Structures are given as structure tokens and as C-alpha cells.
Amino acid sequence: MPDIALHLLLLLCAAAFFAGFVDAIAGGGGLITVPAMLIAGIPPLQTLGTNKVQSIFGAASATLAYARKGHVQLQEQLPMALMAVMGGAIGAALATIVPGQVLRAIMPVLLLAIAIFFAVKPNLNDLDKHRLITPFAFGLTLVPAIGFYDGVFGPGTGSFFMLGFVTLAGFGVLKATAHTKLLNFGSNLGALIVFASFGAILWKIGLLMGVCQFLGAQLGSRLAMRIGAKLIKPLLVIVCVALAIKLLADPANPLRVWIGL
């Protein structure tokens, strides 16, 4: 582990705890942890790899919390989770040749669209609606596609899973959140395996942050189950807008370059 000052380690721990809390409710934990690791002086590749370690702790923590309360059946969702693992692994393996510039350009637009959808869509609550796609088709198509994106790039993965579960699978907001965490765990695991094979992980930092994220996710998931859509909806909108702003704040973002900002 590289030499990191104590105050920076404390920053990473605090960031991981808060990221776990937010991610368990609305996703977007990477918005917090990735910049924190870069500020601490961790190189970009190691930041991405190490972020997968601590993200797995948060996703596992939230998944277990939701499963204990019956919001997700782990055995029934295992095939979907395996598809997410496959998608995440392939995405991470192909990260160097996929046109990342295109992804960075379109992501702020898609995230803002998701934020608007959840902000203005009426009757979004914790009740299930009519589904437009079978679980088999959902798991075979959308799940590995979003998992692939998570391996390639990452920000907003939870928001995309949420949108899919709500609009296509007909899930209520709380149920969609619970199932999103399990698939997030899968895509993170697939990407982690690949990053680990390339030696791009700082394990001690990742595990330390992972413990903090685990605790934050426990708090966040319990709060989400207590309050439901009234908490999840606004926080999801805030996270999507914050992610879009974060991506657009980079002067090198291709969208800014293309339109001359």
C-alpha cells in the first residue's frame, strides 16, 4: 500500500461510509469514492480497480439487508446476478478498446434524462406495476448490457438498473432498489476479477474502505426500507444530477469539447 497520510486515510474512510449510505438508497457511490481516492493521490487505474473492492462490500451489505426483510429473493435472482457478473467482466476486459470518449459524452445526457423521468413521472411508489418484459428476457438482455457498462465506465450503473426495473419489469421503487443492489454486486464482482488479474488493486485500502462502506450501506438500506419511495425518489434525482454535473465539470469531457464550452 502506498504511503498515505492519516488524514487522507480518514477522508477515504468517511467517503466510503457516506458512499455506502447513498449507494444503498439511490446508487452513485462512485461519485464520492473515486474523486476521494484521486485526491488521496492514488493513480487512476488503481482507483478504478480499488473502487470495485470497496463497492462490493457496500452492494453485499445492502443486498443482505434487503434480503433479510424479504425485498429480494437471492436464489430467484441468482441467474440475473450471474449475467451481471459476465457483463461486468467483459466490460472491464474491453475497457481499453471501447470508445470511452463516446460514453463520457452521452452519460451526462442520459443521467439528466433519468433524473427528469423520476422527478416528473406520476404514481412512482412502492407498488408493483404491469411489467413490459419477462424476467427471463430482462435478465438476458438489459442486465448484462448494464453490467458491461459498469465494467467499462461505471458511473450511474445503479440508476440504469433502477430505470429498467421500474419501467420494464414493473417493480415498485423500493423493490427495484433492493434488486439493483444484487445486480450491482454481480457487475462489480465481474469487473473486480479482471482488474485483479491485471494487478490494478490496492487491497489494503480497498478492504479498509470496504468495511466503512459496508456499515454505511447498512444504515442507508434500513432507512430506505423505513421510508421507501419518499426517500429513494428525491435522492435518486439528486444523485443523477450530481453525476451529470460531475462529468460535465471536467474540461476534457468530449461533450464540452464538441460543443466548444
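User: What is Thr-33 in contact with, leaving aside neighbours within four places in sequence?
Analyst: Thr-33 is in contact with Ala-15, Ala-16, Ala-19, Asn-51, Gln-54, Met-209 and Gln-213. Contact here means heavy atoms within 4.5 Å. This is a predicted model, where local features need pLDDT of at least 70, side-chain atom pairs count only at pLDDT 80 or more, and totals for chains, interfaces and linings use all residues. Residues are numbered from 1 along each chain as its sequence is written, and side-chain values use heavy atoms, with hydrogens and water left out.

User: Is Thr-33 buried or exposed?
Analyst: Buried, with a relative accessible area of 0%. The cut-offs are under 20% relative accessible area for buried, over 50% for exposed, and partly exposed in between, using a 1.4 Å probe and protein chains only.

User: And which element is Thr-33 found in?
Analyst: Helix H2, which covers residues 30–39. Helices are DSSP runs of H or I with at least four residues, strands are E runs of at least two, and both are numbered from the N terminus. Ile-32, Thr-33, Pro-35, Ala-36 and Met-37 of H2 are buried. After H2 comes Gly-41, with a positive phi near 95 degrees.

User: Zooming out, how many helices and strands are there in the protein?
Analyst: Twelve helices and zero strands. The radius of gyration is 17 Å, close to the 18 Å that the globule rule gives for 261 residues, so the protein is as compact as a globular protein of that length. That radius is taken over C-alpha atoms, and the rule is 2.2 Å times the number of residues to the power 0.38. Of the 261 residues, 52% count as buried. Among contacts with a separation of 6 or more, 82% come from residues 24 or more positions apart.

User: What about confidence?
Analyst: Mean pLDDT, the predictor's confidence in each residue from 0 to 100, is 82 for the protein, and 90% of its residues reach 70 or more. Where pLDDT is low, the predicted coordinates should not be read in detail.

User: Okay, helix packing. At what angle do H4 and H7 pack?
Analyst: About 35 degrees, with the axes of H4 (residues 74–93) and H7 (residues 142–152) 6 Å apart. Axes are lines fitted to C-alpha atoms, for helices over the stretch in contact, and angles run from 0 to 180 degrees between N-to-C directions. The contact is made by residues including Met-83, Gly-87 and Gly-91 of H4 and Gly-147, Phe-148 and Gly-151 of H7.

User: How does that contact split by class?
Analyst: Ten nonpolar, five polar and no charged residues. Ala, Val, Leu, Ile, Met, Phe, Trp, Tyr, Cys and Pro count as nonpolar, Asp, Glu, Lys and Arg as charged, and the others, Gly among them, as polar.
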